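Colleague: I am new to reading protein models. Could you walk me through this one, please?

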Amino acid sequence: MAMAGGYMACAAARRASLENPVLTRQPNISRLPTNTPLGDSLLRWWDLERRDLPWRALPGRCADPYAVWLSEIMLQQTTVATVKGYFAKFLARWPTVESLAAAPIEDVLAAWAGLGYYARARNLHACAITVARRHGGRFPRRAAELRELPGVGAYTAAAIAAIAYGEPCVAVDGNVERVISRLYTLADPRPALKREVERRAALLLPSARAGDFAQAMMDLGATICRPRAPQCDRCSWSSACEARRAGAPEDYPMRSAKTAKPHRRGAAFVLLRDDEVLLLRRPSAGLLGSMTAFPTTPLGEDVAPEAQLAHAPIKARWRRLDGAVHHVFTHFSLELAVYVAQGGAGAKGLWISTARLDEQGLPTLMRKVAVHAGLSDGRKPITK
């Protein structure tokens, strides 16, 4: 009963945070004690400056592990501003891990459409099933156990364990790596840098409030110790920061030379039949796995223009539209020509009304194709 009560309290706190956002106050850093250990001084700053985020518990309330996990998966390579809307939508539709586990994967992928990196959505669903079936709907409490769940890496496991359960562990993401690198002017190359950051951050852990410390580190990197134009005069660690004393905070962490992404070409095929258009369910493995999409050439290959029509779903009088659709994946950029044809005899797939195309939860690349073909007005924001 105590466990159930705790979860109910967390859920109530989550709902309250959505309905009654806490106003952010600006602290007077000069009033903070100068002899406070760094970990404790950061918590004092955070108590005044903490960001109000819908997945966070109110001050003094327990965090909901489900909300923490869901937000951390969504936040991987995605901005807070983008995630807020998706988080609220997911939570309204699937308020518990059990309800998410029971959902068809196609529904989860459709709700995820636009967030990108769709392997995260497939792992999200697989993780929900694992937690519901193997752990009775309760997330493991330790980082080491959390890492055994699908899609949960070292950072995510540490974040959940610290924030939801108070385990004294450090969650090192890009923000934390930047903060610690500047604090100690760490010039180690990766991956040695991450190991050193983890070691240094662990030494800063206060004796209590591990979850608050993890979130404070995230907020410090996101709002103060930014990649460009860090606001050092507002930082509670400014007097101890070696990079600030050296006058070069933006030089840390050291950047390695970026390699150019390969550029690939391909085509998407928009086959119309009266007021319907052909869509396919992509294979579960590979790019846009299990997503609904227009037929295309193999997206992982460079297909020259003269070879593109060989991949069309049927033989027809295909007309290539002017221009092209451009998209950037993690490891390569893509340029898609868009071909349009009328017909449908022999075509296998899903025939969808063009008037309801925007309801299909198309991935961002396919929404760009729909806009280019004039099947969507693009009013729904398209993000990379």
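Colleague: Which residues touch the most other members of the largest nonpolar core?

Modeller: A nonpolar core is a set of buried Ala, Val, Leu, Ile, Met, Phe, Trp, Tyr and Cys residues joined through side-chain atoms within 4.5 Å. Buried means under 20% relative accessible area, exposed over 50%, and partly exposed in between, using a 1.4 Å probe and protein chains only. The largest core holds 78 residues, and those touching the most other members are W69, F90, F139 and F294.

Colleague: Which helix gives the most to this core?

Modeller: Helices here are DSSP runs of H or I with at least four residues, numbered from the N terminus. With ten residues, the one that gives the most is α9 (residues 154–165).

Colleague: Before we go on, what kind of model is this?

Modeller: Residues are numbered from 1 along each chain as its sequence is written, and side-chain values use heavy atoms, leaving out hydrogens and water. Local features need pLDDT of at least 70 and side-chain atom pairs count only at pLDDT 80 or more, while totals for chains, interfaces and linings use all residues, as this is a predicted model.

Colleague: What is W69 in contact with, leaving aside its neighbours within four places in sequence?

Modeller: Contact means heavy atoms within 4.5 Å. Leaving aside those neighbours, the partners of W69 are V97, L100, L124, C127, A128, F139, V152 and I160.

Colleague: At what angle do the axes of α10 and α11 cross?

Modeller: Axes are lines fitted to C-alpha atoms, for helices over the stretch in contact, and angles run from 0 to 180 degrees between N-to-C directions. The axes of α10 (residues 174–183) and α11 (residues 192–204) come within 9 Å, and they cross at roughly 80°. Angles of 65 to 115 degrees count as roughly perpendicular, under 35 as roughly parallel, over 145 as roughly antiparallel and the rest as oblique. That makes α10 roughly perpendicular to α11, at a crossing angle of roughly 80°.

Colleague: Is T78 buried or exposed?

Modeller: T78 lies in the loop between α3 (65–75) and α4 (80–93). Not counting residues up to four places away in sequence, T78 touches V83, L115 and R120. Its relative accessibility is 15%, so T78 counts as buried.

Colleague: And P59, is that buried or exposed?

Modeller: P59 sits in the loop between α2 and α3. Because its relative accessible area is 54%, P59 is exposed.

How values were computed
Helix = DSSP H or I, 4+ residues; strand = E, 2+ residues; numbered from the N terminus.
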